[in-house]
There are 2 protein chains.
Amino acid sequence: MRITAIAGGVGGARFIRGLRHHLDTTPGLEDSTVTVVANTGDDITLFGLRVCPDVDTLLYTLGGGVHEGQGWGRADETHRIQAELAAYGVQPQWFSLGDLDFGTHIARSQWLGLGLTPSEVTARLAERWGLPAHGMRLLPMSDQPVETHVVVDDGEGGQRAIHFQEWWVRHQAAVPAHRFVAAGLDRAAAAPGVLEAIREADVVLLPPSNPVVSIGIVLGVSGVRDALRGTNAPVVGVSPLISGQPVRGHADACLRAIGVESTAAAVAGLYEDFLDGWLVDPADGDTALPGAKVEVFDGPLLMSDVEAAGRIAGHALRLAGTVPG
Amino acid sequence: MRITAIAGGVGGARFIRGLRHHLDTTPGLEDSTVTVVANTGDDITLFGLRVCPDVDTLLYTLGGGVHEGQGWGRADETHRIQAELAAYGVQPQWFSLGDLDFGTHIARSQWLGLGLTPSEVTARLAERWGLPAHGMRLLPMSDQPVETHVVVDDGEGGQRAIHFQEWWVRHQAAVPAHRFVAAGLDRAAAAPGVLEAIREADVVLLPPSNPVVSIGIVLGVSGVRDALRGTNAPVVGVSPLISGQPVRGHADACLRAIGVESTAAAVAGLYEDFLDGWLVDPADGDTALPGAKVEVFDGPLLMSDVEAAGRIAGHALRLAGTVPG
């Protein structure tokens, strides 16, 4: 089975890892391949280095190197370089990069500097983390840079735009967002293989990633939404909400900014032109959708460990088998 | 007293540290200032980051952060990033950078990327290491990039040029050098303050740095040699050789490449158009020079610790007081 998923960071990575676990442990599904299309809209250049938070979280999680407690960054991490940069007075200091993590950004930046595309760089990084050997392919959504900015009050009666990471990491999404501006998205072509992966998939999955700033950004890449509408594969999503609240992250704040209710039904509504199935938490079991089959997961929609994420992914796959493409 | 010194890496840094110690502990000399003009001809771009080995060795040594045993790099260093880069297959792997050291290269590269000149970047780095507060100023020899290359046999009957660091670090200078090519040196202007520091000094010192690839490169920067010839200050050098052998490094191999004998007198000959005094080891006590006063140091010319380096620097300063400028 060829599975394609569109993913953001932590939620997406945990879901894909669970999916791979489910495939590995389900007779007949072991040979399935998973293509992950990663959001690169929250990429940022820090200290002159290109940082791709969602891609890195996917790499580390799928490659067995993630800091489990955080959900992002590297296990067994140290922060000596960041302390050096602080001693030198280098800005910004609100985004903490670990030493091992710096290794990834240095490798990426060097390769980009040598002229490799983000797709080529991501493939090299994925090789080290063993993704291809484990039946997984990781594609950035686009080889063109896209940077999501957040329009907030400037404190003087006007508005200003700050980088998504500044809003998300520094302000913990606590500063009300008026809207998101994905700089570069209008010029971003889908990276090589992205549209084909959606069109030629047997199943397309939407993990419980942020519907606005992760999946929503990927959907804005030219051709992606059309490919999802046109694919013969069933498209099944997993709700990122439980009782209308995000399990982690700040999806509610993001939904508020775009004027969408923080409910499983409203999130599904963002996908209504291509969504075939929608898996929700028991607490949101009253969700009904006009164009998609809704199923309620047998237990909380919590990816508390690999097995739990695997059960959710397995349910999503079975749901895909019951809906038309 | 305004002292200006032209320095390479380890030998230069230890000498300047000893000089500062001598000034700090000699009544009447405490307020003296030291301007160090650093060789940047062995700079190299590694992993997309700009590395300035001599400048960094000076910063770390004068700032109290150097790895004493090595003479370069940071004390209490770790090598986690380099291991990451190796895991990613990033080249080259023959030049080992520590994690704390990476912090310097990242800060430098970010600032250069923002448009600061090497002089401005060096001043920022020096600030963190407390050099200005301690009466020291560190200037790169030039703001234009200069990279020394070494012409060696290519193993197929021809020749090829490799970066100086590859020859020095990877091959430990064991591959015979036909000649050195300082790429960019013909277009390199002296950095702001360099020529003034030489012209307006009360004393100019040449530490026991490599006469070919450290001091020799600085002397090739436009205007430097003329400033040394023209300054009213006495110019006093300290021999880098003991019994014709370098204390550390590969000065003998470098001298051989340019067809100069590995003797204290022959090294002084490289400076004969501006040298006023020359301090040699007792083992080279028979050195005689036509244009400069030779003195023999009272003990081996070994900078085994700060005090020993201070005594050498003190002797050089006293020698300067006995020769015409």
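In chain B, helix α2 (residues 53-63) lies across β1, β2 (33-38) and β5, running at about 170 degrees to β5(B). This is a predicted model, in which local features need pLDDT of at least 70 and side-chain atom pairs count only at pLDDT 80 or more, while totals for chains, interfaces and linings use all residues. Residues are numbered from 1 along each chain as its sequence is written, with chains lettered from A and ligands numbered from 1 in the order in which they are written.

Colleague: Why are α4(A) and α3(B) called oblique to each other?

Modeller: The axes of α4 (residues 99-113) of chain A and α3 (residues 80-87) of chain B come within 8 Å and cross at roughly 45 degrees. Angles under 35 degrees count as roughly parallel, over 145 as roughly antiparallel and 65 to 115 as roughly perpendicular, the rest being oblique, and the two helices are therefore oblique.

Colleague: Which residues of α3(B) make the contact with α4(A)?

Modeller: On α3(B) they are R80(B), I81(B), E84(B) and L85(B), where contact requires C-beta atoms, placed from the backbone, to lie within 7 Å.

Colleague: What makes β5 and β14 of chain B edge strands?

Modeller: The open sheet has 7 strands in the order β5-β2-β1-β9-β10-β13-β14 with parallel pairing, and β5 (136-140) and β14 (293-296) each pair on one side only.

Colleague: How do you know that β1(B) and β9(B) pair?

Modeller: Pairing asks for at least two bridges found by DSSP, and 3 bridges join β1 (residues 2-7) to β9 (residues 203-206) of chain B; A5(B), for instance, has L205(B) as its bridge partner.

Technical notes: Axes fitted to C-alpha atoms, helices over the stretch in contact; angles between N-to-C directions. Helix = DSSP H or I, 4+ residues; strand = E, 2+ residues; numbered from the N terminus. Contact = placed C-beta atoms within 7 Å.
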